[in-house]
Amino acid sequence: IIGTGKMGDNARISITYEGESGDAPETLIAKFPATDETARSIAGAQGAYYNEVMFYRELAPGTTMRTPTIYGSQLSEDRTEFILLMEDMSPAEPGSQLVGESRKHCELALSEAAKLAAAYYGDDSLGERDYVITPTRDDGGEFGAALLQQSWPGFIDRFGHGVSPEAIAFGERYINGYLHFVNRLKSPKTLAHGDFRSENILFGANGATTVDWQTVGESSVLTDAAYFMGGSVDCEDRRAWEKELIAGYRVALDKLGVALSDQDCWDQYREYAMHGLIITVLGASFSTPDERGEKMFLTMIQRHLQHCIDVDAGEFLPA
């Protein structure tokens, strides 16, 4: 068993062959439902396993973003059981949410995020795919708002001891303004990984490979970039690097055919700093607590809330 995923488990499988194996792989990575019963039942019910299988089958071929080769995938009829047999990317290794990422890893990650964002920018068919999360598709965002309202008090009971009063106040403002937030984006949307953080990226000598596609959604072209910078980078490093890195991200998008002004790019980055809040609050609320998980979610919420405060994301919420 490898990795630290919450909604799914991974194992490295060693393979032997009868006869000559040629260039067939000696190892594979198998991904299957989480052994954590709470996480498994929620992930299955919310379609996370279905989302990931379908991303690899239908959307991964449409982007130059580096993802593992899939050798086989199966999904149960009720979508609660699945297995993926994937290319083993070792010796590449994932980052850690407990350790802030390096400048080099930030550059690699943002380069990959730009490839995905550009590939599906303005693609109206995304909203028609039932495995692409569209928060406003059925009810204008009411379901997500209800989940946040329900989860926030318990989340603060668990993590409020490590969060400043200013940050908690911003979190409450976001929870209360969530419907406004998810309905604001009028510019073309794109496909977002949704949980684009260092532990879902394998860094190696040949670049970065993105895994864990259970939260693919329709969102801003800056969603993944803002989420990565907010949650996977120490606050002091983020403050020092983000202006230059996001300017470079805009240039990368432009080279891939997506033209944004400097101001529009920066404003969407600021606004979608808030994406990290719903992922962290609901991710923690829907998984069974363990020692490492508690440290991880505390680190993430501290960083994401401070990110929102630093870039004045509240400008995009109701007063």
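In what order do the strands of the open sheet of three strands run? The order is β5-β7-β8, with antiparallel pairing. This is a predicted model, so local features need pLDDT of at least 70 and side-chain atom pairs count only at pLDDT 80 or more, while totals for chains, interfaces and linings use all residues. Residues are numbered from 1 along each chain as its sequence is written, and side-chain values use heavy atoms, with hydrogens and water left out. Helices (H or I, at least four residues) and strands (E, at least two) are DSSP runs, numbered from the N terminus.

- Strands count as paired if DSSP finds at least two bridges between them; β7 (residues 201–204) and β8 pair in the antiparallel sense over four bridges.
- Within that pair, F203 stands opposite A208 in β8.
- Helix α3 packs on the sheet and touches β7 and β8, where contact means heavy atoms within 4.5 Å.
- The direction of α3 makes about 50° with that of β8; axes are lines fitted to C-alpha atoms, for helices over the stretch in contact, and angles run from 0 to 180 degrees between N-to-C directions.

**The four-stranded sheet**

- Another open sheet, of four strands, has the order β1-β2-β4-β3 with antiparallel pairing.
- Its edge strands are β1 (8–14) and β3 (70–75), each pairing on one side only.
- On average, and with direction ignored, neighbouring strands of this sheet are turned by 20° against each other.
- β2 (residues 27–33) and β4 (residues 82–87) run antiparallel and are joined by four bridges; K31 stands opposite L84 in β4.
- Helix α2 (residues 48–59) lies across β2, β3 and β4, running at about 140° to β3.

**A helix crossing**

- The axes of α4 (residues 142–159) and α11 (residues 291–310) come within 11 Å and cross at roughly 105°.
- That makes α4 roughly perpendicular to α11, on a scale where angles under 35 degrees count as roughly parallel, over 145 as roughly antiparallel, 65 to 115 as roughly perpendicular and the rest as oblique.
- F155, R158 and F159 of α4 meet E294, F297, L298 and I301 of α11 in this contact.
- By class, the α4 contact with α11 has five nonpolar, no polar and two charged residues; Ala, Val, Leu, Ile, Met, Phe, Trp, Tyr, Cys and Pro count as nonpolar, Asp, Glu, Lys and Arg as charged, and the others, Gly among them, as polar.

**Cavities and a pocket**

- On a 1 Å grid over the protein atoms alone, a cavity is a set of points where a 1.4 Å probe fits but cannot get out, and a pocket is an open set with protein on both sides within 12 Å along at least five of seven lines; lining residues have an atom within 4 Å of a point.
- Grid points are joined across faces, edges and corners, and a volume is the space filled by probe spheres set on the points.
- The structure holds two cavities of 30 Å³ or more.
- About 40 Å³ of space lies in the largest cavity, whose lining includes A113, T190, S220, D224 and Y249.
- α3, β6 (190–192) and α7 (223–232) are the elements that give two or more residues to the lining of the largest cavity, which by class has eight nonpolar, three polar and one charged residues.
- The second largest cavity has a volume of about 30 Å³ and is lined by W152, G171, Y174, I175, L277, V281 and L305.
- α5 (165–176) and α10 (275–285) each supply at least two residues of that lining, and α5 has the largest share with three residues.
- By class, the lining of the second largest cavity has six nonpolar, one polar and no charged residues.
- The second largest pocket has a volume of about 190 Å³, and its lining residues include E107, K115, Y249 and K255.
- α8 (235–255) and α3 (103–119) are the elements that give two or more residues to the lining of this pocket, and α8 gives the most, with six residues.

**Backbone details**

- Most residues other than glycine have a negative phi, and most peptide bonds are trans.
- A cis peptide bond joins S90 and P91, with omega about 15°; P91 lies in the loop between β4 and β5.
- D212 is not a glycine, yet has a positive phi of about 65°; D212 is placed in the loop between β8 and β9 (217–219).
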